[in-house]
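Colleague: Please take a close look at the helix packing in this model. I would like one connected account, with the cut-offs stated.

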Amino acid sequence: MNRSIPAVLSCAVACLLLSMTSARAAVPDQSADLQRCREHADIDACYDAIRWSPTDPQLLAALGDAFAHANRSADALRIYKRAASLAPGDRGITEKLTDMQTRLSAKRSAGGTHTETAKRYSNSAPESQSH
């Protein structure tokens, strides 16, 4: 019976070491996400990197850049505002925020909004009511 205790102990240690090794392999590479976010404007990589550092204003600005690159101006503006609130003294973020606000206001004034130019229909028009 004394011989079975060391065998059980060594098996338990081996299982513990094996589980620690597989846990390390499951941890994503944060630097790869950060690099793909900043260099390739990969929105998904930006979100993955932000999970690890949600209050990093430079990372948020990189996400805003990725949205701007994807022509998602409203999303970029929202993210730039969040980054500017975290780093109010950062000139680069402030410039990006101002530029995006200018672009969006120019776009709105040039084309008008869809609801202003389109004819509106309503199901509750008096002539269509039967009662």
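Modeller: What follows covers the confidence of the model, then the helices in chain order.

This is a predicted model, in which local features need pLDDT of at least 70, side-chain atom pairs count only at pLDDT 80 or more, and totals for chains, interfaces and linings use all residues. Residues are numbered from 1 along each chain as its sequence is written, and side-chain values use heavy atoms, with hydrogens and water left out.

Start with confidence. pLDDT is the predictor's confidence in each residue, from 0 to 100. Its mean over the chain is 79. A value of 70 or more is reached by 63% of the residues. Residues 22–27 stay under 50. For that stretch the model has 0 contacts beyond four places in sequence. Contact here means heavy atoms within 4.5 Å.

Now the helices. Helices (H or I, at least four residues) and strands (E, at least two) are DSSP runs, numbered from the N terminus. Helix H2 spans 30–40 and helix H3 spans 43–52. Asp 33 sits in H2. Its relative accessibility is 7%, so Asp 33 counts as buried. The cut-offs are these: buried is under 20% relative accessible area, exposed is over 50%, and partly exposed is in between (1.4 Å probe, protein chains only). Leaving out residues up to four places away in sequence, Asp 33 touches Ala 45, Asp 48 and Ala 49.

A covalent link comes next. The whole structure holds 1 disulfide (a pair of cysteine sulfur atoms within 2.5 Å). Cys 37 is joined to Cys 46, with an S to S distance of 2.0 Å. The torsion about this S-S bond is about 95°, so the disulfide is right-handed. Cys 37 and Cys 46 are both buried.

The loop between H2 and H3 contains Ala 41. Phi of Ala 41 is near 55°, a positive value in a residue other than glycine. Ala 41 has 23% relative accessibility and so counts as partly exposed.

On to the packed pairs. Two packed helices are described by the angle between their axes and the distance between the axes. Axes are lines fitted to C-alpha atoms, for helices over the stretch in contact, and angles run from 0 to 180 degrees between N-to-C directions. Angles under 35 degrees count as roughly parallel, over 145 as roughly antiparallel, 65 to 115 as roughly perpendicular and the rest as oblique. A crossing is left-handed if the near helix is turned anticlockwise from the far one by less than a right angle, and right-handed if clockwise.

Take H3 and H4. Their angle is about 165°, with the axes 9 Å apart. H3 and H4 are therefore roughly antiparallel. Their crossing is left-handed. On the H3 side, the contact is made by Ile 43, Cys 46, Tyr 47, Ala 49 and Ile 50. H4 contributes Leu 59, Leu 60, Ala 62, Leu 63, Ala 66 and Phe 67.

Gln 58 also lies in H4. Its relative accessible area is 39%, so Gln 58 is partly exposed. Neighbours within four places aside, Gln 58 is in contact with Arg 38, Asp 90 and Ile 93.

At 65% relative accessibility, Asn 71 counts as exposed.

H4 and H5 pack at about 165°, axes 8 Å apart. They are therefore roughly antiparallel. The crossing of H4 and H5 is left-handed. Among the H4 residues that meet H5 are Pro 57, Leu 60, Gly 64 and Phe 67. The H5 residues that meet H4 include Asp 75, Ile 79, Arg 82 and Leu 86.

Last, H5 and helix H6 (residues 91–111). Their angle is about 150°, and their axes are 9 Å apart. That makes H5 roughly antiparallel to H6. This crossing is left-handed. H5 residues in the contact include Ser 73, Leu 77, Tyr 80 and Ala 84. From H6 come Ile 93, Leu 97, Met 100 and Leu 104, among others.

Ser 73 of H5 has 13% relative accessibility and so counts as buried. Beyond four places in sequence, Ser 73 touches Met 100, Leu 104 and Lys 107.
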